[in-house]
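Thank you all for coming.

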Amino acid sequence: MEFSWSVADQKFREELHDVIVDAIPEHWANLIPGEEATSSFTMDFSRMLASKGLLTPHWPVEYGGRDASGWQFIILGEELWSAGEPRGSQYMNVNWVGPAIMHAGTDEQKAYHLKRISDGDVLWCQGFSELGAGTDLASIQTTAVRDGDHYVINGEKVWTSYAQGAEFCFLLARTDPSAERGSGVSIFLVPTATPGFTIVPFESDLDIHEFNRMTFDNVRVPASTMLGEENNGWKVIKRALSHERIGGPRYERALAVTRRMADTAKKRGWWERDGLRTRFVAAEAACEAARVLVYQAIDAREKGLQENLVVSLARVAIVRSERLVADLALDLFEDESLYRFSTGNGQFKTSMIAGLGGGSVEVQLNTIARALLGPGR
Ligand SMILES: Cc1cc2nc3c(=O)[nH]c(=O)nc-3n(C[C@H](O)[C@H](O)[C@H](O)COP(=O)(O)OP(=O)(O)OC[C@H]3O[C@@H](n4cnc5c(N)ncnc54)[C@H](O)[C@@H]3O)c2cc1C
């Protein structure tokens with residue numbers, strides 16, 4: 001096994017690092033990813049990265065990439081997450097929206113959408129969850145009924161992040177209501193400006209994140225907006241979710257927070273407290289364990305091997321590392337963490353988000369148990 005980086009990957013990290021130092025204001029390092037998800041800064045930053053070929057380097061040249069190895073995808077994520085994720089919501093485009101279109105799109109869809117994404121020019125949102133269909137995604141009730149060359153969409157989605165600024169929605173809808181739960185579902189790439197498509201933002205209890213409710217009232221979209229085959233969207237979604245689960249290298253940001261907390265503990269004379277250094281070592285080790293599992297998943301992806309189990313393991317490890325760092329922050333800073341912009345407050349909230357957004361961590365544990373123990377054991 002070869003653990004060292006290639007020269008090209010090392011150069012890429014250095015190039016990216018220099019760009020980050022030049023372009024990102026210092027306060028970004030303390031922001032929680034998602035706090036400034038769709039601002040003009042994140043748009044300008046993504047366009048600037050794209051103009052330097054740094055937004056989608058691992059994509060084929062024909063789709064606006066540099067044909068670089070898939071490892072540059074994770075290097076990109078690590079460097080940007082530890083800097084506060086200045087791509088804003090566009091990390092999703094690079095992580096799973098673009099790859100899903102690359103995998104299942106028509107030539108027309110690829111030419112249009114992949115260019116917009118690799119130019120850093122477009123915001124997307126993910127229209128999956130509904131009331132009663134979060135974990136149990138196969139229960140979605142939103143329908144799309146064929147009418148000539150169009151589909152007519154009716155229904156409601158909730159907890160949609162970033163929809164308030166999005167131009168397109170990656171939407172799941174039921175096209176065959178009589179089919180068994182998972183089947184009969186199709187994907188549509190829907191412009192949010194389509195008549196009958198309403199987006200209403202609402203605040204989450206975790207005040208760093210804004211959600212949206214999206215309603216579809218006879219929304220007519222051309223049949224050409226369907227991604228992949230009718231009634232067979234599940235295949236594409238499974239692949240997209242696997243990309244989504246490890247696409248945010250939260251461990252890298254958690255590690256940066258841990259190091260900043262260690263500096264503070266030393267400055268405040270807390271470093272010699274009984275057991276404190278052991279807690280720091282455990283937190284760092286959890287972040288590094290998550291990193292290794294993510295690397296294992298990328299390695300499998302690069303080699304075209306089955307990645308599902310290791311993706312689930314990596315996702316659980318990512319969430320655990322975020323939570324361990326949050327526990328440490330809360331114990332270290334005690335009531336200071338009640339203040340909204342404090343380290344403990346931010347880390348606690350981001351660790352809550354980590355375990356739910358993109359699918360709950362408990363369900364990943366079920367998946368791991370089933371894969372390792374077999375059904376019914
Ligand atoms: C920050 C954030 C951003 C989000 N952004 C989006 C978005 O952009 N688009 C979108 O479509 N959705 C989004 N979601 C919704 C998210 O996908 C759902 O919250 C998630 O899938 C869980 O669904 P639920 O909220 O309905 O919880 P439920 O499914 O009701 O689950 C509640 C609890 O029960 C547990 N549970 C449920 N079933 C099982 C089981 N079989 N075994 C063990 N435990 C179980 C879960 O782990 C969870 O802890 C977001 C959520 C968050 C928190």
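Let me begin with Glu-78 and Arg-291, both of which are buried, and let me say at once that we are looking at a predicted model. These two residues form a salt bridge in which the closest N and O atoms are 3.1 Å apart. Since Glu-78 sits in helix 3 and Arg-291 in helix 8, which covers residues 276-302, the pair ties together parts that are 213 residues apart in sequence.

A second pair is Asp-147 with Arg-220, a salt bridge whose closest N and O atoms are 2.7 Å apart. Here strand 2 (residues 143-147) contributes Asp-147 and strand 7 (residues 210-222) contributes Arg-220, so parts 73 residues apart in sequence are tied together. Asp-147 is partly exposed, at 40% relative accessibility, and Arg-220 is partly exposed as well, at 41%. Returning to Glu-78 and Arg-291, salt bridges with shared partners join them with Arg-13, Glu-79, Glu-252 and Glu-288 into one network. Over the whole structure, a search finds 21 salt bridges.

Now to the ligand, which is surrounded by 18 residues. Because domain 2 (126-231) and domain 3 (249-373) both give residues to this shell, the ligand lies between them. Taken alone the ligand exposes 960 Å², of which the protein buries 67%.

How values were computed: Residues numbered from 1 in each chain as written. Predicted model: local features only at pLDDT ≥ 70, side-chain atom pairs only at ≥ 80, totals over all residues. Heavy atoms only, no water. Near = heavy atom within 4 Å. Areas by Shrake-Rupley, 256 points an atom, 1.4 Å probe, with all protein chains shown as cover. Domains from an automatic or database assignment. Salt bridge = Lys/Arg side-chain N within 4 Å of Asp/Glu carboxyl O. Helix = DSSP H or I, 4+ residues; strand = E, 2+ residues; numbered from the N terminus. Buried < 20%, exposed > 50% of the residue type's maximum accessible area, 1.4 Å probe, protein only.
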